Amino acid sequence: MALLHDGELTAAFDHASRSYDRLVAANPGYHGQLRRSARRLGLPDAGRGLRVLDLGCGTGASTAALLAVAPYAEITAVDASAGMLARAAGKPWPPGVSFVHAPVEGLADAGVAGGFDAVFAAYLFRNVTDPDAVLGAVREALVPGGRLAVHEYTLTGGAVPRAVWTAVCAGILRPAGRLAGDAGLYRHLWRSVLAFDTAAEFTGRLRRAGFRQVRALPLPGWQTGITHTFVAATAGAREEGA
Ligand SMILES: C[S@@+](CC[C@H](N)C(=O)[O-])C[C@H]1O[C@@H](n2cnc3c(N)ncnc32)[C@H](O)[C@@H]1O
């Protein structure tokens, strides 16, 4: 089966939005791992005066992680799936958080202006059709010295992480997805991770896109060797100290 892309993928997420939070709740580390990655943005002063973009916010789990580490930031959360976004927007948020229904490929058309101090993208890049183009747009959306954190399934390249990922999918994630009526999306989840960049490859992709200070940081637990936080910055004022 080919991977899902664009409209097909968005439709699959629309359907899966009904059960997404329930499935995520069954993974006790999910929210903690997102908070760890959001913290790795290193946002100063609890986010006071900062504008932060959450790309592919889904039902708002990554938005909540950003809010936990930067409660005073102005957060714009974007997603292509109306179903996922409705779940996110239906939760209680402080006034500084807003939601925009748009593909990340069409931020400007959706009125999302640049000048962000930081961008967070959790479990997004593996799903986009042209990750290099999206990274270019992210770089443009950031201020000089702006920061990027990408939280993504990216295998370290050895046989063991591939085998563990396939076992977790076969034993837990895909059966749970089938029960929820989302077999296609959870098959896509499994296959897209195997097909996407390794951690080293994504690091190279970030550097080629013009990001500086690129680092791939591991995450603890069963996701070690399977999921990483990538931190990077645009060239500019904060480059030396970021
Ligand atoms: C696996 S979910 C992750 C959601 C959230 N960031 C989290 O950590 O729980 C991926 C989300 O990315 C969104 N997405 C995928 N491709 C997209 C695109 N090209 N533009 C905007 N959103 C996209 C999907 O609709 C989905 O809600």
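**Reading the labels**

Biologist: Why is Y123 called buried?

Modeller: Y123 has 20 other C-beta atoms within 10 Å. A residue is buried if 20 or more other C-beta atoms lie within 10 Å of its own, exposed if 12 or fewer, and partly exposed in between, with C-beta atoms placed from the backbone. So Y123 is buried.

Biologist: What should I know about the model?

Modeller: It is a predicted model: local features need pLDDT of at least 70, side-chain atom pairs count only at pLDDT 80 or more, and totals for chains, interfaces and linings use all residues. Residues are numbered from 1 along each chain as its sequence is written.

Biologist: Where is Y123, and what is its phi?

Modeller: Y123 sits in the loop between β4 and α5 (131-141). Helices (H or I, at least four residues) and strands (E, at least two) are DSSP runs, numbered from the N terminus. Phi of Y123 is near 60 degrees, a positive value. Most residues other than glycine have a negative phi.

Biologist: Is A46 buried or exposed?

Modeller: A46 has 11 other C-beta atoms within 10 Å, so A46 is exposed. A46 also has a positive phi, about 55 degrees, and is not a glycine. Its place is the loop between α2 and β1 (51-55).

Biologist: What makes S81 buried?

Modeller: The count for S81 is 25 other C-beta atoms within 10 Å, so S81 is buried. S81 lies in the loop between β2 (74-79) and α4 (82-89). Beyond its neighbours within four places in sequence, S81 is in contact (C-beta atoms, placed from the backbone, within 7 Å) with T10, F13, D14 and S17.

Biologist: How do you know that G181 is exposed?

Modeller: G181 has 12 other C-beta atoms within 10 Å, so G181 is exposed. G181 is in the loop between α6 (159-179) and α7 (183-195).

Biologist: Why are α2 and α3 called oblique?

Modeller: Helix α2 (residues 30-39) and helix α3 (residues 61-69) pack at about 55 degrees, with axes 8 Å apart. Axes are lines fitted to C-alpha atoms, for helices over the stretch in contact, and angles run from 0 to 180 degrees between N-to-C directions. Under 35 degrees counts as roughly parallel, over 145 as roughly antiparallel, 65 to 115 as roughly perpendicular and the rest as oblique. Therefore α2 and α3 are oblique to each other.

Biologist: Which residues make that contact?

Modeller: Among them are Y30, L34 and A38 of α2, and A61, A65 and L66 of α3.

Technical notes. Two residues are in contact if their C-beta atoms, placed from the backbone, lie within 7 Å.
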